[in-house]
Amino acid sequence: MKVFVTGVAGQLGHDVMNELHKRGYECVGSDVMTEYGGEYPYVQLDIMDAAAVEKALTEVNPDVVIHCAAWTAVDMAEDDDKLEKVRTVNAGGTKNIAKAVKKLDCKMVYISTDYVFNGQGTEPWRPDCKDYKPLNVYGQTKLEGELAVSETLEKFFIVRIAWVFGVNGKNFIKTMLNAGKTHDTVRVVNDQIGTPTYTYDLARLLVDMVETEKYGYYHATNEGGYISWYDFTCEIYRQAGYTTKVIPVTTEEYGLSKAARPFNSRLDKSKLKENGFEPLPTWQDAVSRYLKEIDY
């Protein structure tokens, strides 16, 4: 099996390439930079350029495309001067990939987000729920990316994730560890509920998926129960041995964010087991393994 991976400079793309290599699959990575320091074959690719996308994929001729590239700066996406760029990357770029995949008749994985939903209530969102109503530009453009895939292809996996952390990039854990070093106390919201996703664990699941033909919508975060960002921070500090005091606050009290954040990011992952996929380990275990991989 030959796999083409977009966004390999990001947290997930990096881990997907490593997982594919570990299993002995031929993999080609892509991103916008001219050069990439990884050890695997690499193609520079701007997914906003439809002709370049078709050319790159035709030349590689993969069996699967795992599309990890996206605009993920949620607050910056709200800026008026960024809106067109965000939409061109998350919706237009994804449509370019999907069209090329259709011509090649290969499989596609599209990484999406809990932000496609309205974030209200307390019930976990099911993968096949169509009650979207995104709260912000990022969620809206990722939903448009989902639709570009589902309306163009039949052989697709749309995998929604949340609260992502990995070795290769910035994330909440690194931010909180840095804050804990320099502050005696930190304020963290306790009214947004969800579950973290460790990209190392997710990469394993994504490769498991593309080895099958069990297409459709999935939700994939680590197990271990639903938590708040406050709970997450407390556990990060406990495992890291930090004595920093964590003060719970509401989203309204915290302020700061340009983009509206969902209060309910609970994702129902039962479809994974139903279709024979091994769920991700607990988020507590993921944090423990992750802290051993990074310097802090």
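Visitor: Which residues is Thr-195 in contact with, leaving aside its neighbours within four places in sequence?
Guide: Thr-195 is in contact with Ala-162, Trp-163, Thr-221, Asn-222, Glu-223, Gly-225, Tyr-226, Lys-269 and Trp-283. Contact means heavy atoms within 4.5 Å.

Visitor: What kind of model is this?
Guide: This is a predicted model: local features need pLDDT of at least 70, side-chain atom pairs count only at pLDDT 80 or more, and totals for chains, interfaces and linings use all residues. Residues are numbered from 1 along each chain as its sequence is written, and side-chain values use heavy atoms, with hydrogens and water left out.

Visitor: Back to Thr-195. Buried or exposed?
Guide: Thr-195 counts as buried, at 1% relative accessibility. Buried means under 20% relative accessible area, exposed over 50%, and partly exposed in between (1.4 Å probe, protein chains only).

Visitor: And where is Thr-195 found?
Guide: In the loop between β9 (193–194) and β10 (197–198). Helices (H or I, at least four residues) and strands (E, at least two) are DSSP runs, numbered from the N terminus.

Visitor: Trp-163 was on that contact list. What about its phi?
Guide: Trp-163 has a positive phi of about 50 degrees, although it is not a glycine. It sits in the loop between β6 and β7. Trp-163 counts as buried, at 9% relative accessibility.

Visitor: What is phi for Asn-61?
Guide: Near 55 degrees, a positive value in a residue other than glycine. Asn-61 lies in the loop between α2 (50–60) and β4 (64–67). Its relative accessible area is 46%, so Asn-61 is partly exposed.

Visitor: Zoom out. How many helices and strands?
Guide: The protein has 10 helices and 15 strands. Its radius of gyration is 19 Å, close to the 19 Å that the globule rule gives for 296 residues, so it is as compact as a globular protein of that length. The radius is taken over C-alpha atoms, and the rule is 2.2 Å times the number of residues to the power 0.38.

Visitor: What box do the C-alpha atoms fill?
Guide: Roughly 55 × 40 × 35 Å, taken along the principal axes. Buried residues make up 53% of the 296. Among contacts between residues at least 6 apart in sequence, 79% join residues at least 24 apart.

Visitor: Helices now. What should α4 span?
Guide: At 1.5 Å a residue, the 16 residues of α4 (residues 137–152) should span 22 Å, and its end C-alpha atoms are 22 Å apart, which agrees. The expected span is 1.5 Å times one less than the number of residues.

Visitor: What do the buried residues of α4 pack against?
Guide: α3 (83–104), β5 (107–113), β6 (156–161) and β11 (216–219). Val-149 is one of the buried residues in α4.

Visitor: Which residues does Met-108 touch?
Guide: Val-149 is among them, as are Val-65, His-67 and Phe-156, not counting residues up to four places away in sequence. Met-108 lies in strand β5. It is buried, with a relative accessible area of 0%. Its C-alpha atom is separated by 7.5 Å from that of Ala-98, 10 residues apart along the chain.

Visitor: Which residues of α7 are buried?
Guide: Trp-229, Phe-232, Thr-233, Glu-235, Ile-236, Tyr-237 and Ala-240. They pack against β7 (164–165), α5 (172–182), β8 (185–189), β13 (227–228), β14 (245–249) and α10 (283–293). The 12 residues of α7 (residues 229–240) should span 16 Å at 1.5 Å a residue, and the end C-alpha atoms are 16 Å apart, which agrees.
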